[in-house]
Amino acid sequence: MSNKDDKTEAEEIDCIEAINGLYQYLDGEMDDAETKQRFEHHLAHCKTCYTRTEMEKLLTQRARDAGNKKASQALRERLQRVLD
Amino acid sequence: MADEETKSWFSERIDEYADPLYGYSFQLTRNRTDAEDLVADAVSKAWSGVESLKDRRKFRSWIFRILHNCYVSNYRKKSVRPVEVSQNVAFDEITDDLTNFLTEQSDEFLAWWGTPEREFANKVLGEDILEAIEGLPDEFKGAVVLVTVEGLSYNEAAEVLEISSGTVHSRMKRGRMLLQKALWIHATEAGLITETPPKEMHNEQ
Ligand SMILES: [Zn+2]
């Protein structure tokens, strides 16, 4: 049973590895379940990486909200005229 | 000439994507008139080449690519902003690791970067982030805008930028790090960061 713990220990990643995977994780691009598990395990044990991840998440959300622009009605009409 | 079915399908897609196309365009040009002209040019190009879109499910990356290429060939030149010299290396050949980037940075930036404060994100306005993204070198700007602001997947962004999705990933890493640095400079100048953590004597976390 301690075997399982040893295995987890061996699979731990350090902060540099975590930072290297951070954006892939945030962008929903970390497809490999094991990689994701290792990353989340690191976050659960490392306050710095956890806080950095949360901060980057907030920045992403804020950028997305601010970048969510509306096309004017005039532009929409102009675009439809292209088809004529 | 495209048939009626194609025409009504295209018309609906343009209506559906008008906002994100304008959003991407605005982020590239940072100017309403240019942004609207760019979208109109791109839509016009897309419509005249609609037969080249073989797989309609790829409409989004296809039309973003057309818009991106229009920007690169017709709009970027107009920019008065001096071309930013980032780093004199071919980025895609850089080792896929941030260690190199970190070793090049100042102690002040690293001290701040090493002690992240979630509250910092609350102090920075969305527009400040967009402005900082706007100032990124073009290679990174495209990927960061498409993925971070527009929410495209790495694969879609890769299709738009005509690069591999692995390259999108490395550009995201480096681009977002450069963004952090730009925000740090902005925040320092705006007085949002009042004190740099002491770094000489204490090296513990
Ligand atoms: Zn860590």
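How much area is buried between chain B and chain A, and what share of that area do carbon and sulfur atoms give? Before the close-ups, some housekeeping. This is a predicted model, where local features need pLDDT of at least 70, side-chain atom pairs count only at pLDDT 80 or more, and totals for chains, interfaces and linings use all residues. Residues are numbered from 1 along each chain as its sequence is written, chains are lettered from A and ligands numbered from 1 in the order in which they are written, and side-chain values use heavy atoms, with hydrogens and water left out.

**View 1. The interface of chain B and chain A.** About 4,200 Å² is buried between the two chains, and carbon and sulfur atoms give 59% of that. Buried area here is the accessible area (1.4 Å probe) that two parts lose on being put together, summed over both. Asp19(B), Arg118(B) and Arg176(B) supply 15% of what chain B buries against chain A, more than any other three residues. Counting contacts (heavy atoms within 4.5 Å), 53 residues of chain B meet 33 residues of chain A.

**View 2. The side of chain B that touches chain A.** Across this interface there are 18 residue pairs in polar contact, both residues at pLDDT 80 or more. A polar contact is a pair of N or O atoms within 3.5 Å; within protein, one must be able to donate a hydrogen and the other to accept it, and residues adjacent in sequence count only if both atoms are side-chain atoms. Several helices of chain B each supply at least two residues to this side, among them H1, helix H2 (32-48), H7 and helix H10 (165-189). Helices (H or I, at least four residues) are DSSP runs, numbered from the N terminus. H1(B) gives the most, with 10 residues. By class, this side of chain B has 27 nonpolar, 12 polar and 14 charged residues.

**View 3. Arg76(A) and its two aspartate partners.** A salt bridge is a side-chain nitrogen of Lys or Arg within 4 Å of a carboxyl oxygen of Asp or Glu. Arg76(A) and Asp15(B) meet in one at 3.3 Å, N to O. Arg76(A) lies in helix H5 of chain A and Asp15(B) in helix H1 (residues 4-29) of chain B, so the pair joins two chains. Asp19(B) also forms a salt bridge with Arg76(A), with the closest N and O atoms 3.0 Å apart. This pair, too, crosses between chains, from H1 of chain B to H5 of chain A. Buried means under 20% relative accessible area, exposed over 50%, and partly exposed in between (1.4 Å probe, protein chains only). On that scale Arg76(A) is buried at 17% and Asp19(B) is buried at 14%, whereas Asp15(B) is partly exposed at 40%.

**View 4. Lys69(A) reaching Glu127(B).** These two form a salt bridge, the closest N and O atoms being 3.4 Å apart. Lys69(A) sits in the loop between helix H4 (47-67) and helix H5 (73-81) of chain A, and Glu127(B) in helix H7 (residues 126-134) of chain B, so this pair joins two chains. Lys69(A) is buried at 17%; Glu127(B) is partly exposed at 36%.

View 5. Glu29(A) lies in the loop between helix H2 (15-26) and helix H3 (33-45) of chain A. It is buried yet has no salt bridge, and the nearest side chain of opposite charge, Arg60(B), is 9.1 Å away. Charge here takes Lys and Arg as positive and Asp and Glu as negative; His and the chain ends are not counted. Leaving out residues up to four places away in sequence, Glu29(A) touches Gln24(A), Ser153(B) and Tyr154(B).

**View 6. His169(B) in helix H10.** His169(B) is found in H10 of chain B and is buried, with a relative accessible area of 10%. Not counting residues up to four places away in sequence, His169(B) touches Asn20(A), Gln24(A) and Tyr154(B).

Key. Nonpolar A, V, L, I, M, F, W, Y, C, P; charged D, E, K, R; others polar.
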